[in-house]
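Dear colleague,

Please find below the structure that I promised to hand over, together with its sequence.

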Amino acid sequence: MSINLSAASFSYLLPKGRVIKAIQPTTLSIQPGEFVAVIGANGSGKSTLAKLLNGLLLPTNGEVLIDGHNTKDADNKVFARRRVGLVFQNPDNQLTATIVEDDVAFGPENLGLPPEEIRARVDRALKTVGMTEHKDEDPHNLSAGQRQKIAVAGILAMEPKYLVMDEPTSMLDPVGRRAILETLSELRQKSSIGIVYITHIIEETVEADRILVMTEGKIIANGPPREILTDESLMESASLYMTRPTDLARRLAKQGIPVSKDIITVEEVVKELCSLK
Amino acid sequence: MLIEIEDVSYTYLAGSEAANSAVSNASLTIDRGEFIALIGPTGSGKSTLAQVLAGLLKPSFGKVIYEGSDIWEEPKLLAKRRSLTGLVFQEPEKQLFEMTVEEDIAFWPKNLGLGPKEITTRAMSALSAVGLDYEQYKDRSPFTLSGGEMRRVAIAGILVMNPKVLIVDEPTVGLDHRGRTGLMDKIQKLNQGGTAIVFVSHDMDTVAEYAQRVVLINEGSIIQDSSPREVFRNKEMLNKVGLDVPVATEIGARLREVGYHIAPGPISVSELETGILATRGEIKR
């Protein structure tokens, strides 16, 4: 059981025969229960990779297997969408109904679940993202951040085995962002959901099992957060930034204060300085 | 005073059963050359307030005054609205629609009846203000640009009107690190050139880095209007409304808790670094 890319590539065809290679041949496996963060500059292929993972795009060459089912096989289309929930970058690409709870119910209804099960899932998902009090409102009257929460709830209610999220917190306030991340971490532990989490906010990746770094359609690094996030030349070459705790630790080390250069979180920097007191 | 709003309220679908109050009794002034961050949790009314400030939404109650005149009392002031304020919406690249970058930027000036020469001059300076070369970009289709470039073109389409107040709603969402710092530095340059900035954001570290004044809105009401340092002093209140302090402030506070004598309220990493180095004597080697 896993999502497997074997030498999968993807090219966009433009008019006049132009071809843009969005994903270079890539081999990759995502296990259930894993939290894999994906970082990289704009245009590095992150969103295209996300769409390959749930069969929304089919590889130009190579294959994508979702728990053994090839996304190229038309019979597997429904299976792929159910197994792998994709939360888009922009919630407006996803919201369809004019009432919040109808929108969240849309996916589970399509799964053909009994009404009481749908009800329970919708309530649970709305509670998870903190939008229960808005359940009877029109999503179009809500703010962009609130619509983003509804989009996340809609996918959670499908209870997929894998979740692929493309910048799901970009419009949320810090507390809303933390709540989504905590929910994901619980889902991973309780239901061993595999999560692929695309973000520009490097601080959100420190608790991932591993991080994929993308540039120009290629995965140029794949490793645990501490290894990736403290590799200054790697981060620089991928146009990424070091988290503020890492930045601080390095500045202090340069000034002769003996702190580890491998720090990635606020807790760690405080602990180190505490031990020097 | 460039903009004053007095006791402004705005209700969506006013009068209907679904009436939804987004801003209530807000008063605010914006002066020449200010750099103001408008912060608040998701759904607090920031974007609505931004649109009221920009003269795009007519408040249900209260006054919006541009350089001394009430813009909703005098309908003739429409043109003045366009030249005094410019609002860049969230994800403004979605509003690009012309075939070329130049046509897109020329849209509003053309509508105002400006001559082609004037439009070209303005388009060149607007593009250069966002760091794009006119000759290199003018004939390109906006849809072939990267996310960061599209966002800059959309901002240039507002700057071309030479607004005295530029209002930007979450301008860096979805941009990578380079795009984000590049864009914020351009906005800061505009500010240094005299343009007042109202910057709507959730990102406290960026707010700490750029803003001179912070307006905090929660559930439609302005609950604080002061310096960034002042606002970030109150972590408990910020957490309560769904926000946070910058990372440097957080680390500084924790170090103080464990006994470091660091002055309260560093808001940037370099300030924090200076603060920690000042306690060198307390650190074991």
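In this predicted model, a nonpolar patch on the surface is formed by Tyr12(A), Leu14(A) and Ile20(A), which together have about 220 Å² of accessible area. Leu14(A) sits in the loop between strand E1 (3-13) and strand E2 (19-30) of chain A, and because its relative accessible area is 30%, Leu14(A) is described as partly exposed.

Tyr12(A), with a relative accessible area of 32%, is also partly exposed, and this residue takes part in an aromatic pair with Phe10(A). The ring centres of Phe10(A) and Tyr12(A) lie 4.9 Å apart with the planes at 80°, so the pair is edge-to-face. Phe10(A) itself counts as buried, because its relative accessibility is 9% and the limit for that word is under 20%.

In chain B, Tyr10(B) and Tyr12(B) make an edge-to-face aromatic pair, with 4.9 Å from centre to centre and 80° between the planes. Tyr10(B) is buried at a relative accessible area of 13%, whereas Tyr12(B) is partly exposed at 26%. Over all chains the count comes to 6 aromatic pairs, and one aromatic cluster is formed by Phe97(B), Phe107(B) and Trp108(B).

Finally, please look at strand E9 (residues 210-215) and strand E10 (residues 218-223) of chain A, which run antiparallel and are joined by 5 bridges. Thr215(A) stands opposite Lys218(A) in E10(A), and the two strands form a hairpin with 2 residues between them, where Glu216(A) in the turn has a positive phi of about 45°.

How values were computed. Residues numbered from 1 in each chain as written. Chains lettered and ligands numbered in written order. Predicted model: local features only at pLDDT ≥ 70, side-chain atom pairs only at ≥ 80, totals over all residues. Heavy atoms only, no water. Patch = residues over 30% accessible without salt bridge, like charges linked within 9 Å, V, L, I, M, F, W, Y side chains within 5 Å. Areas by Shrake-Rupley, 256 points an atom, 1.4 Å probe, with all protein chains shown as cover. Salt bridge = Lys/Arg side-chain N within 4 Å of Asp/Glu carboxyl O. Helix = DSSP H or I, 4+ residues; strand = E, 2+ residues; numbered from the N terminus. Buried < 20%, exposed > 50% of the residue type's maximum accessible area, 1.4 Å probe, protein only. Pairing = 2+ DSSP bridges. Phe/Tyr/Trp six-rings, centres within 6.5 Å; stacked < 30°, edge-to-face > 60°.
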